[in-house]
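Hi there,

Here is the structure I promised to send over. Have a look at it first, and then read on for my notes.

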Amino acid sequence: MANILPKKIQESMDKQMDAAKLSDSKRKKVSERVFEKYFGMKVHPGECVGIISAESIGEPGTQMTLNTFHFAGVAEMNVTVGLPRLIEILDGRKEISTPTMEIYLIAPYNSGKDIKKIANEIKEVKMKELISEISINIANSSLDVVLDAETLAELEINAKYIVKVLEKRLHGSFKCDTDGEKVITIKLGDKAKDLKQLYRLKESLKAVYVRGVKGISQVLPIKKGEEFIIVTAGSNLKMVLKKEYVDQVRTTTNDIFQIEEVFGIEAARSAIINEAYKVIQEQGLNVDIRHLMLVADTMCVNGKVKGITRYGIIREKTSVLARASFETPLRHIFNAAKQGEEDVLNSVVENVMINQPVPIGTGLPGLITKVK
Amino acid sequence: MEKKPAKHILVPNHTKLSDSEAKQLLEKNNLRREHLPRIFISDPAIKDLDPESGDIIKIERRSPTAGVAHFYRVVSRA
């Protein structure tokens with residue numbers, strides 16, 4: 001058998017042997033011994049790694065619950081951590097409770113000079129934030145909008161820009177005008193005659209999108225090591241990556257489905273591992289990363305991220321009994337009966353249920369001998 | 001010539017196996033194509049490889065435990 005060691009072990013072994021200045025014959029001996037050890041440590045065929053992973057993640061999970069609420073709130077922004085976050089990741093939830101991004105910037109922009117300006121450019125701005133007063137002028141049949149000068153100055157938006165945006169967003173059915181400073185008057189256009197429309201507009205105006213990346217509700221520039229990065233609440237990886245000053249290589253989000261969409265299934269797998277491992281480390285717990293890798297691999301095996309739920313990977317199981325043993329047993333059995341499904345009893349759970357040897361460990365003699 | 005954008009840290013190297021390489025892999029491990037994990041034909045990471053259904057994609061993952069780990073996925077249509 002070829003003595004091939006994983007790259008990492010090989011490298012660290014070479015390094016130590018170089019440091020000790022071993023002769024070639026001794027090197028060979030060391031290699032052999034290391035390989036022997038490594039081979040002995042390998043997981044055996046038929047080992048029930050899934051159960052081991054489940055227990056290894058589950059047991060620290062019981063300690064996590066208590067710690068959950070005390071550590072909520074990282075860097076002035078509220079981020080879900082602890083058990084709720086872990087459940088969110090492993091269930092493969094599409095809507096996570098606190099999406100955040102870490103936006104890295106490329107060279108000239110990351111020095112922190114215009115960081116506030118860049119951050120404000122990314123933040124989604126809606127009319128609601130810019131309006132200080134809004135009233136209907138019945139005599140003129142117009143809507144008078146008073147803008148908040150302070151916010152305007154802070155975000156470096158002027159009234160003229162808003163007028164332009166509004167005309168575009170309202171599809172020309174209204175006429176907008178400004179006195180140049182802070183008052184915008186919106187009049188009914190030629191097509192619209194009904195005064196009721198003004199009342200409706202008064203409400204809908206607040207939700208009009210003005211500028212920035214949709215979905216990013218908060219921005220916070222922080223210093224990380226030598227450079228400045230922007231941490232956000234809300235996530236929109238696709239649009240953020242389109243900005244020319246954003247680092248395409250390191251910018252990430254905690255929304256696994258956005259990563260899957262933009263970078264593909266393999267990136268999603270890495271993201272699941274990173275996110276889950278981060279949760280466990282934050283709690284000061286120690287879970288071997290291999291367990292999380294196994295979970296992530298299972299979630300991504302079909303080319304799409306699937307959670308460990310009865311709608312996700314459990315649904316993919318071929319055995320009726322195995323599916324029924326997870327959740328909602330009656331429904332699975334009824335449906336199987338209706339459709340005349342067959343169970344060939346290939347896997348573990350169904351064999352446990354009917355008291356037969358399970359195909360793990362010594363239950364797999366077919367691996368080394370011929371069985372009839 | 002347009003500069004190719006740098007790859008994201010989360011995206012490992014994807015390469016398409018040639019027919020002979022694919023055959024060798026399957027024979028060596030006593031596998032059939034349907035045993036392999038899947039990757040969608042529309043996956044953004046293999047966009048440039050112009051994949052076809054049934055191709056095998058080799059993925060060189062950076063692994064925290066092994067340094068580099070090779071993984072294979074078969075291209076599947078939706």
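What pattern does chain B follow when read along the sequence? The pattern is β-α-β-β-β, and the secondary structure of chain B comes to one helix and four strands. Please keep in mind that this is a predicted model, and that what follows was computed from it.

**Chain B**

Let me stay with chain B for a moment. Taken along the principal axes, its C-alpha atoms fill a box of roughly 40 × 30 × 25 Å. Chain B has 78 residues, and 37% of them count as buried. If you take the contacts in chain B with a separation of 6 or more, 56% of them come from residues 24 or more positions apart.

Two residues in the loop between β2 and β3 of chain B may be worth a click. One is B:G54; the strands on either side of its loop are β2 (38–40) and β3 (56–63). Leaving aside residues up to four places away in sequence, B:G54 touches B:R33, B:V74 and B:V75. From B:G54 to B:L17 there are 37 residues in sequence, while their C-alpha atoms are 11 Å apart in space.

The other is B:D50, which is also placed in the loop between β2 and β3 of chain B. Its phi is near 25°, a positive value in a residue other than glycine. Most residues other than glycine have a negative phi. Is B:D50 buried or exposed? B:D50 counts as exposed, because its relative accessibility is 56% and the cut-off for exposed is over 50%.

Just after the helix, A:G264 takes a positive phi of about 100°.

How do α11(A) and α12(A) lie relative to each other, roughly parallel or roughly antiparallel? Their axes come within 7 Å and cross at roughly 155°, and they are therefore roughly antiparallel to each other, the cut-off being over 145 degrees. The crossing is right-handed. On the α11(A) side the contact is made by A:I256, A:I259, A:E260 and A:F263, and on the α12(A) side by A:I265, A:A267, A:A268, A:A271, A:I272 and A:E275. By type, the residues of this contact are eight nonpolar, no polar and two charged.

Helix α12 (residues 265–282) of chain A also meets helix α13 (residues 289–299) of chain A: the axes come within 9 Å and cross at roughly 140°. That angle makes α12(A) oblique to α13(A). This crossing is right-handed too. From α12(A), the contact takes in A:R269, A:I272, A:I273, A:A276, A:Y277 and A:I280, and from α13(A) A:I289, A:L292, A:M293, A:A296, A:D297 and A:M299. Here the division is ten nonpolar, no polar and two charged.

**Other residues of chain A**

A:E227 is found in strand β9 (residues 227–233) of chain A. Why does A:E227 count as buried? Its relative accessible area is 14%, and buried means under 20%. The side chain of A:E227 is joined to that of A:R250 by a polar contact of 2.8 Å. Not counting residues up to four places away in sequence, A:E227 touches A:Y104, A:L105, A:N110, A:I222 and A:R250.

A:T328 lies in the loop between α14 (320–324) and α15 (329–339) of chain A. Phi of A:T328 is near 40°, a positive value in a residue other than glycine. With a relative accessible area of 29%, A:T328 is partly exposed.

Lastly, A:G112 sits in the loop between β1 (100–103) and α5 (115–122) of chain A, and is partly exposed at a relative accessible area of 21%. Its C-alpha atom is separated by 42 Å from that of A:D14, 98 residues apart along the chain.

Best wishes

Conventions:
Residues are numbered from 1 along each chain as its sequence is written. Chains are lettered from A and ligands numbered from 1 in the order in which they are written. This is a predicted model: local features need pLDDT of at least 70, side-chain atom pairs count only at pLDDT 80 or more; totals for chains, interfaces and linings use all residues. Side-chain values use heavy atoms; hydrogens and water are left out. Axes are lines fitted to C-alpha atoms, for helices over the stretch in contact, and angles run from 0 to 180 degrees between N-to-C directions. Angles under 35 degrees count as roughly parallel, over 145 as roughly antiparallel, 65 to 115 as roughly perpendicular and the rest as oblique. A crossing is left-handed if the near helix is turned anticlockwise from the far one by less than a right angle, and right-handed if clockwise. Contact means heavy atoms within 4.5 Å. Ala, Val, Leu, Ile, Met, Phe, Trp, Tyr, Cys and Pro count as nonpolar, Asp, Glu, Lys and Arg as charged, and the others, Gly among them, as polar. Buried means under 20% relative accessible area, exposed over 50%, partly exposed in between (1.4 Å probe, protein chains only). A polar contact is a pair of N or O atoms within 3.5 Å; within protein, one must be able to donate a hydrogen and the other to accept it, and residues adjacent in sequence count only if both atoms are side-chain atoms.
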